[in-house]
Amino acid sequence: MSSGRYSFRPTTKVKKTRSTNYLGGGGGGGGRLRMADDREVLREIWDSKLPVSFALAEEEVYTVKPPEPYYLMVPRLLYFPLVTDKVRRHFAQHVNPEIANNEMWLEYNGQPIKWNHPIGLWFDLFSDGILPWSISIHFDKFPEQNVCRCPCKDAIRSQFMSVLKEADALKHKGQVINSMQEKDHNQLWLGFQNDKFDQFWGVNKRLMESPAGEGFRNIPIRCYTPEKFAMQRLVKPVDDANNSWTSLHDALIEFFPDFDASKVRILIHGIEPPLNSPIQWLSEHLSYPDNFLHVVILPTNFSSVPS
Amino acid sequence: MCSCRNTNCQLMLVLASTNESILMMSFSKESDSTVYGVDYNGKVWALGNSNPPAWTRLHNPTNVNIKRLVSFSHILWGIGSDHQIYVYVPKRDIGIRVREEIWENQRWNPIDGFGKHLLPTDRAPFSSESGTEPREKSDKLPSDAWKWECDWQIENTFENELIAEGWTYALDFPATYHPEKTFKSFVRRRKLFRYRKFVGTNRWNKIESLHQDHTQEPFIDVAVGGLNNLSTPETCCLWAVSILGEVYFRNNTTTSNPEGLHWKHIPIRKGLEACQVTVARNGTPFVVSWTGTFFYRIGLTPKNPQGSDWLESPGPPGGLLQISAGTNCLWAITRDKKCWVLKGNWPDIVQQREPMFEWIELPGQMKNIAVGMKDDIVLALSDEEFSCLFLRVGISEDQKYGQSWKPVLKDADWDSLSVVSTVSNDMMDGKADSMESLVSLRPDVPPSTSIGTNNVSDSSNSTIPNSFCWVDGACASCLRTGVETDLEVGPWREDILQDLQKLKLKRTNFSYPDALEPSSTSWSKSVRVKFLHLSRNKRWLDGHLEISNNNHLMFHENLEKTWLCSVGDVLSIFGTVAGVNTLTCRIRNSLEPGVAEYVTFKFMNEKDTEEWHESISELALRPLEDFSIADIWIVTRDAEIHRAGQIKILEGPVEAEVVTSEPNGDFQFHYPLVRGFMPDSSLLLDISIPKGAERFSINLKGNTEAVNAFHYNPRFSDACVIRNSYDNGEWGEEERDGVFPFREGMSYTMCIECTQTHIITTITQKKTKFIFSFKHRVSPKCICNLFVYGDINVSSARYDPKLGESYDLEFVTQQLPGHFYKVEAGSNGSAWAIGYDLKVWCFTGSSKQQKVDGTSLGVVTDEHTYYCYENQRWNPATGFSGNVMLPTDRHGWTDESGRIRMEKLDIRLPSNRWAWVADWAVDYDTPHGVNDDGWQFAVDFPASYHPNKRINDFVRRRRWKRVARLTVVGPWQLAEGMKLVDLSIRMNEDCEWEVLGLQENGDVVVRSGISPECPIGTAWDSLSSEKPLISISGWYGQRIWAVGKDGFSYIRYAHSFQLLDRPNDTPLKQVKVGSSSIWAIGTNNALYRRTEVQAIFPEGREWIRVCDGVLQVGVAPDGNVWALLKTNDTYRCTLAKRMGISQNNPGGLGWELIATGPWRHFSVAGSFSRNK
């Protein structure tokens, strides 16, 4: 009956909006659609923040007295340019006025931070886990080679939306994102940018829907290692061979055929999810707002995390 | 199927599923459908709905061997090895129970008074009600499968009056009867009734043979279908073919009379002999003759299910061998083993004047074919030596005949097939995936194999009998659906959550400021709506609705007309009260505490509606701990179910409507002070004075322009600040002393504070402060707006209200998904609800949480029947016609009243959660009866209608009906196999919880096996009751009370209901038992209380009237009496609590009004209060 499946798709799509919007918000336990419904987990991830201590790079201090470090709780899911306005204002008065209007850039441990990756991802990947995370602020010598510039917030928006679209292309052949109106896109972005969980998830939940028992077409997943930055593979949520849900472990084997769980640490949002967790569920709940599951893989010896 | 099969009975097939409504349940994993199969030894097996499905042999104490089997609505009919027809009724919770009624008629004669000696023209001594049908007062039962439950009883109530001996008197038959005997009473009659029970369950009961000698004319084929009417009991159309080629119809076969009454010979055209019969879903039989033609019955009506005439059709070329009918499709096999399908829908073709049957040939050599009742499943057997079972794939709404044959099981040595299936609407809507989960079973293939997926699972521990020949079932998706294989949450979820929480702990050491400050100006949501505030303006306004991020709902029309309310003040949200795509909110009233206001939003589309419904509900959700009285259940007139309670809300209500003054030139700034400006409130304004400023003013105004509590008016020309107030249409005395603080072009901070006695303004510029104080002239209570006019720029305003000391108890409701007519709760936290289709649902959500969690959700369905009336007037030219009417007449299509024009097409479904079950059909169950075509006649509109045309009847009408089904996901579980009109939850004498229910016919049932682990219980048992009841109620330590259809109250002693009295003036309609009191409602909507009810004298003394205007009463566990009171508004009623109930005043003193709303039914029996 597989032939029937595609011909019915438009009908199915109409039903989606129907069954998700029943009252009470609860979950789709009995529905014919699955979706991200574990609010507790979603909320926990949304509220996850990092204490960051920003300090002006020593060589750029222009004033007699070096400025105090600037401390902030930074949402893990956001991008740096969305949260560093105040930081910039704080330090701009302490640098050479000639460069004070330059674009600010961040550096940790000698490595410039790419703003176009979520803050939490960068932290998991490159920090050694010490809190607060000490970041140096630079106004001079923008590392054009490594970091692309962020001229305005619209640049972040278009970066964010393009990743989101790619994710939906993998999940639903882009049908869901394309069926949305401009105001929905707007709501996604404003909700994300302004830290408004309900506003964001009001729309995002539609991106997280899939037919019950099937899951997404493909899981938007990227793996990061400190050496080889980002990798992407096609990962199916269901293993057709034995008709079971793909686990995180299975997914990682797609990336690293000789994957050995004892030699590495797997980090998403700063935690190590059990390797038997279904990738579908992880994708629904542990994806970043850009709808990608960003998985950080660190060699075990790298993991001297002080408690 | 040919007759050779009868002699060489190598195989049998059957399959049964149930009617459509049951299959819907199957979707909720509670399948009530069963597949039956016959093995080589003639034993019948049932594939139950256990998980995994397992075969069990049908209990067969009489050792009847079955060759062929058909089923309908849980009942099986089969042809036994003696070629007779048997019926098998599986034992279910509630058996078949039939009430027999006869009328005893007597005539008075001067010698010995009333006696049995009637005149020759009179009716029989015992007759039917009309007297036309003589009956016997006998002990004879229809068959030995029945048993009398009791002896004949006298009906001792007449028109809600109690009468001795039950006699009613009249001058003559047929006439009007009176309970009193008078001098002209010459005849009398009374009603006797008796119940009989079907006891032949779980065994094969032989249906009488055609002749004394059953070998004379054995049967060779049998088929059954149902009339597509939703009546109870359902009519089963049982057709059979005998060896002589004759066709028989079993009369009066219904689900409550599975044996039928007698065989009716339906002669076919002379010279033809029938060989096979199939019955379509709607009961139409198709009979194949030996000559290769087929014929079918026309003129089927609910009153005449066997139809009126045969119509014959030649069938496809080659001569028919076999035919199989679905709802719309007709599949056939010809003698040359070709497979054919009828082009078009047969019901449409049959209706044409000259039906043209056009057949399409399909590839493949087949010897047997079977189609499911809903056309969706077609199976065929190939005609090769080792025949293979084929499934037709690709059947869809567009491609009714499918695309190709797909082999499903090879080497199936079968020679006949039949598929009976009904499929839920969802499948028809395109859930093609679930069609893969058909079940096909035979000994060598385990039961869970699905046709279509072709992967044979390897479970070897199946419990299939080895001797199984084969069975094939297409029981829709009930046994395997995709939902069940959906991802389940495992222990990893807990690990992840714990890790996340640990991570959170780590960062609690850092108290850095947040990088993102909640920005106060950004809205969260905005949508275009129409807005109606019933008590303030009577018309719809156009504008935008917004939820701001400090949780205020705001409606504005281009920011001009504003209405504002805190989401926390939304007490209830109703879906469709005011129509499709609307939300109606019950909100706290800012002016008059305790009386809720209603505002309605009309959205542009369904999506917005649902989205906003969800958002507002979520924001307005209150934790259960906050409730001082919780767990009141209430159902609205639109069948929404709400869980409600009373809650103490500390903050004053925030609702303001602000009409900004006409935009004259100097208007600058408006700020609604939504929480008032009570003492200790303050306002901080950042202002700047432009160059060349002359004057500006800052005003604290009330809700209207008429009150200005504080007018602050600096005048630069006079260099003074004028302070004043405006009330009752005039300005007060000006205060203009003090230093002038302002200079052009400067910025200031202005602070306005309200103290108990004064309004104090402080102007700050750098370190200089200028203070004015203004004694209250108008109470600060009325302040709710800040207006700024003139030459000033306000760059920001901060408002810090002091919250009023308001501790009103507010009635708050929270909607749960579901569609119900009635709800009853129990003090064990359970709740049961009855839908409009009378199905019974048990609440599976948490009793501790107001929010519904995902685990308890299931599919909830309900049905709604839409009616419209076709009206016609008789005229001499064309007879009855809907087109030629008098000018004063109603339209040809109207609602019941005739005032509202309503065509069939005008009736639309309220939302996309609804779907039509079937097309429009004439309703034969219209009150007052109908004729064979569904018409009711009357002298004129509007009048009393009767089923048969009389000489002076000039108008007629008939009712059309169409059933719509709602499907939602909600925390409810169906208690299967039962339809109830009333229920009550109580703890019985053994301290077990039970649910008392009343069936439509007034019988009492009890749900037992209820435990905390299994709130839905395990089984229904019937509780004998001789009188049909309409209301029932029980409470621990109290007797069960009931109200009969006759309006009398009944109390249950030992094993029977004992008749009690009723109020003098009126019959009762509802009774409610509380822990210490018994209450009842009369049909006149008066509330009655039972006096002197004591443990030793539980039936009390009498009903005394307490008050009028009560629609429904309920008793809370704390003994409080609640009720729904009538209001002037027919749509709304008021929930109220009886106050002042005491020893001296057991009836209470008055009502405390709690909440007015569109309530229909409530239950407080599960409510509890919380002392904080």
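Helices here are DSSP runs of at least four residues and strands are runs of at least two, numbered from the N terminus. I am working from a predicted model.

**Entry 1: chain A**

I began with secondary structure. Chain A has 11 helices and 13 strands. I then looked up burial: 59% of its 307 residues count as buried. For contacts between residues at least 6 apart in sequence, I noted that 71% join residues at least 24 apart. Chain A exposes about 12,600 Å². Carbon and sulfur atoms supply 49% of that area.

**Entry 2: chain B**

Of its 1172 residues, 58% count as buried. Here 57% of the contacts between residues at least 6 apart in sequence join residues at least 24 apart. The accessible surface of chain B comes to about 50,100 Å², and 50% of it belongs to carbon and sulfur atoms.

**Entry 3: nonpolar cores**

Which residues have the most contacts inside the largest nonpolar core? I found Phe54(A), Trp133(A) and Leu286(A), in a core of 93 residues. Helix H5 of chain A, residues 119-126, gives the largest share of this core, six residues. As background, nonpolar side chains tend to be buried together in soluble globular proteins.

I went back to Phe54(A) for its contacts, leaving aside neighbours within four places in sequence. Its partners include Pro69(A), Tyr70(A), Leu72(A) and Val74(A). Phe80(A), Thr84(A), Val87(A) and Phe91(A) also touch Phe54(A).

**Entry 4: His117(A)**

Next I checked a histidine. His117(A) sits in the loop between strand E5 (111-112) and H5 of chain A. Is His117(A) buried or exposed? Its relative accessibility is 13%, so His117(A) counts as buried, the cut-off being under 20%. With neighbours within four places left aside, His117(A) is in contact with Tyr79(A), Trp122(A), Tyr224(A) and Phe229(A).

**Entry 5: Arg959(B)**

I looked up an arginine in chain B. Arg959(B) is placed in strand E66, residues 955-970. Its relative accessible area is 9%, so Arg959(B) is buried. What does Arg959(B) touch, not counting residues up to four places away in sequence? I listed Tyr867(B), Cys868(B) and Tyr869(B) among its contacts. Ala921(B), Val922(B), Asp923(B) and Asp925(B) are also touched by Arg959(B). Thr926(B), Pro927(B) and Gly934(B) are contacts of Arg959(B) too.

**Entry 6: aromatic pairs**

I counted ring pairs next. The structure holds 63 aromatic pairs over all chains. One of them is Phe531(B) with Phe555(B). This pair is stacked, at 4.3 Å centre to centre and 15° between the planes. Phe531(B) lies in strand E35 (residues 523-533) and Phe555(B) in strand E37 (residues 552-557), so the pair ties together parts that are 24 residues apart in sequence. Phe531(B) is buried, at 1% relative accessibility. Phe555(B) is buried, with a relative accessible area of 1%.

I then took Tyr866(B) and Trp916(B), an edge-to-face pair. Their centres are 5.3 Å apart, with 70° between the planes. Tyr866(B) lies in strand E60 (residues 858-875) and Trp916(B) in strand E63 (residues 914-916), so this pair ties together parts 50 residues apart in sequence. Tyr866(B) is buried, with a relative accessible area of 15%.

I also noted a cluster. Ring pairs link Phe286(B), Phe294(B), Tyr296(B), Trp346(B), Phe357(B) and Trp359(B).

**Entry 7: a surface patch**

Which residues form a nonpolar patch on the surface? I found Trp108(B), Leu171(B) and Phe186(B), with about 280 Å² of accessible area together. Trp108(B) is found in strand E7, residues 97-109, of chain B. At 34% relative accessibility, Trp108(B) counts as partly exposed.

**Entry 8: Ser773(B)**

Ser773(B) lies in strand E53, residues 768-775, of chain B. It is partly exposed, with a relative accessible area of 40%. Not counting residues up to four places away in sequence, Ser773(B) touches Glu735(B), His758(B), Ile759(B) and Ile760(B). I also checked Cys754(B), 19 residues from Ser773(B) along the chain. The C-alpha atoms of Ser773(B) and Cys754(B) are separated by 9.6 Å.

Methods:
Residues are numbered from 1 along each chain as its sequence is written. Chains are lettered from A and ligands numbered from 1 in the order in which they are written. This is a predicted model: local features need pLDDT of at least 70, side-chain atom pairs count only at pLDDT 80 or more; totals for chains, interfaces and linings use all residues. Side-chain values use heavy atoms; hydrogens and water are left out. A nonpolar core is a set of buried Ala, Val, Leu, Ile, Met, Phe, Trp, Tyr and Cys residues joined through side-chain atoms within 4.5 Å. Buried means under 20% relative accessible area, exposed over 50%, partly exposed in between (1.4 Å probe, protein chains only). Contact means heavy atoms within 4.5 Å. Accessible areas come from the Shrake-Rupley method with a 1.4 Å probe; for residues, only the protein chains shown count as cover. Patches are made of residues with over 30% relative accessible area and no salt bridge: like charges are joined within 9 Å, nonpolar side chains (Val, Leu, Ile, Met, Phe, Trp, Tyr) within 5 Å. A salt bridge is a side-chain nitrogen of Lys or Arg within 4 Å of a carboxyl oxygen of Asp or Glu. Rings of Phe, Tyr and Trp (its six-membered ring) pair if their centres lie within 6.5 Å; planes under 30 degrees apart count as stacked, over 60 as edge-to-face and the rest as tilted.
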